[in-house]
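Please walk through the structure shown here with attention to its ring pairs, its charged contacts and its helix packing.

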Amino acid sequence: MEGASAVSEQQLSATNRSVRLVRIIALLVGAQLLLLPWIFRLDGKPHANWEQFLGRFHPLAVHLPIGFLILLPFLEIAGAWRSALRETAGLVLSLALAACLIALTLGYMLAYGSGDAGPGVMRHMWGGIALTIGVLACVLARQSWLAGEELRIYPTLLIAVLLTLVWTAHEGGSLTYGSNYLTEYMPSPLKRLLPGTATADAAPNSFYTQYVNPIFDHNCVTCHGESKVQGGLRLDSYGQLMRGGRDGAVVAAGKPDQSLLLQRITLPQSDKHFMPAEGRPPLKPEEIAWIKAWIQQGASPSSTSIAGLSIAAKSQDLPLKPVGDYSSLMPEIQQMASGQGAKLVPVSSKPSDGLILSTVDVASSFGDTQLAQFQKFAPYIVEAELARTAVTDASFDTLAKFTHLRALHLEGTAINGAGLAKLAPLTDLTYLNLSGTKVTSQAIAPLASMKNLHHVYLFNTPAQPAATADTNPQTAKGAQ
């Protein structure tokens, strides 16, 4: 009996030592997690590419701890009736801890490697750290709970972990989709009850507030907003925009060609400095035109109109019409892209949505002769991007055959508008950009008869109206 008692005491002593060792290790791990932001400071400066490469697996890995932790309380409750499920709960808790450590490591590598900073990034980071430490505490407290000791600690910690999980996931979602993801389409009466849903430092009816800020809000603030600040640049308010970022001012009022913001959004998508970054789609040509015109005319926070621009309500645009099936022409379309350099890009996966003629890669060498070679595809082309190409007024003979054309970009070309009247039969045309050309008021007069043409851009042309003009697009299309 004495020998058995001695063995039992030795086993108990070994168990106590193991428990103490585990607690010491857990304490050291928790301390290291708390010190992590000071060891590797998120200072907004990018670091190694390999850190970004590995860090981009964070959105994938982060779903593992979420799934484990949501499943855990159901297993614990069901374990009261089936002991096998309680053993499964212990395994799931251990897997949740491992998944938290992996997701936290990858998330930190993503922020540290790409130079992400800002209050939102910091909140998400601290949420991840708190969550991981909370799960670690659950692992330690669960053993006592199973032994019938300290019965309230583990359930309390588990509830706290689940609440932390919800908050941390919300912060992560705000970084990805923007802080206004839930409020963007909220009814106006509810939106007025929430703080921070309007631009605070610009006039509410200004051109910036109505048109420029929404572009940034939709395309840019997920990386350059209150929650996440890449490059030290925020675009969520007029004041932050004009303050610039780590590279200095991004808007030079009155000087669009010297404005870093405009330079970045007009770079080729293959350029590493192109914005919006991280695979997001480029801004629409009309959005770029609005920003450029706004900067050219002083980047004002209060001006309500921009000379040469009058933007019609979206509700006036025609519904999209099917254009037919071009699938049988795909071999020729691909051949044209390889030969001409200009591309016919499908609007969507549905052939009936039409094609976009893109010349961005060969603009300087694309002229009237090259445009004429696309006549065979004319019935399927709904948008022609001919900005800064070598086309002349002779191109209108070809363009008149683009019977389903909805948008036409001619900005920065040498046309003077002598052939604009040939566009009159294009009843689907709603958008025409003539900015930076030599068109005159007399040349654009035929456009007034095109009742569906709601968006005409004449910025930096002889036809540009005075800065004080506020023209009705239905009565004088040339003033838009």
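Rings of Phe, Tyr and Trp (for Trp, its six-membered ring) are taken as a pair if their centres lie within 6.5 Å; planes under 30 degrees apart count as stacked, over 60 as edge-to-face and the rest as tilted. The structure holds 13 aromatic pairs. One of them joins phenylalanine 207 and tyrosine 211: the ring centres are 5.0 Å apart and the planes stand at 45 degrees, so this pair is tilted.

The model is a predicted one, in which local features need pLDDT of at least 70 and side-chain atom pairs count only at pLDDT 80 or more, while totals for chains, interfaces and linings use all residues. Residues are numbered from 1 along each chain as its sequence is written, and side-chain values use heavy atoms, with hydrogens and water left out.

Helices (H or I, at least four residues) and strands (E, at least two) are DSSP runs, numbered from the N terminus. For accessibility, buried means under 20% relative accessible area, exposed over 50%, and partly exposed in between, with a 1.4 Å probe and protein chains only. Phenylalanine 207 is buried at a relative accessible area of 3%, whereas tyrosine 211 is partly exposed at 23%. A further aromatic pair, phenylalanine 366 with phenylalanine 374, is also tilted, at 6.0 Å centre to centre and 50 degrees between the planes. Both phenylalanine 366 and phenylalanine 374 are buried. Phe207 and Tyr211 also belong to one aromatic cluster with Trp290.

Charged contacts come next. Side chains of opposite charge can pair when their charged atoms come close. A salt bridge here is a side-chain nitrogen of Lys or Arg within 4 Å of a carboxyl oxygen of Asp or Glu. By this rule the count comes to four salt bridges.

Since glutamate 76 lies in helix H4 (residues 63-78) and arginine 86 in helix H5, the pair ties together parts that are 10 residues apart in sequence. The salt bridge of glutamate 76 with arginine 142 has an N to O distance of 2.7 Å. Arginine 142 lies in helix H6, so this pair ties together parts that are 66 residues apart in sequence. Glutamate 76 counts as buried, at 5% relative accessibility, and arginine 142 is buried with a relative accessible area of 5%. Arginine 86 is partly exposed, at 22%.

Another salt bridge joins aspartate 397 and lysine 422, whose closest N and O atoms are 2.6 Å apart. Aspartate 397 lies in helix H15 (residues 396-399) and lysine 422 in the loop between strand S4 (407-409) and strand S5 (431-433), so the pair ties together parts that are 25 residues apart in sequence. Both ends are partly exposed: aspartate 397 has a relative accessible area of 43%, and lysine 422 has 37%.

Axes are lines fitted to C-alpha atoms, for helices over the stretch in contact, and angles run from 0 to 180 degrees between N-to-C directions. The axes of H4 and H5 come within 8 Å and cross at roughly 160 degrees. H4 and H5 are therefore roughly antiparallel to each other; angles under 35 degrees count as roughly parallel, over 145 as roughly antiparallel, 65 to 115 as roughly perpendicular and the rest as oblique. The crossing of H4 with H5 is left-handed, a term used if the near helix is turned anticlockwise from the far one by less than a right angle, with right-handed used if clockwise.

Helix H5 (residues 83-114) packs with helix H6 (residues 119-146) at an angle of about 160 degrees, and their axes are 10 Å apart. That makes H5 roughly antiparallel to H6. The crossing of H5 and H6 is left-handed. By class, their contact has 19 nonpolar, three polar and two charged residues. Here Ala, Val, Leu, Ile, Met, Phe, Trp, Tyr, Cys and Pro count as nonpolar, Asp, Glu, Lys and Arg as charged, and the others, Gly among them, as polar.
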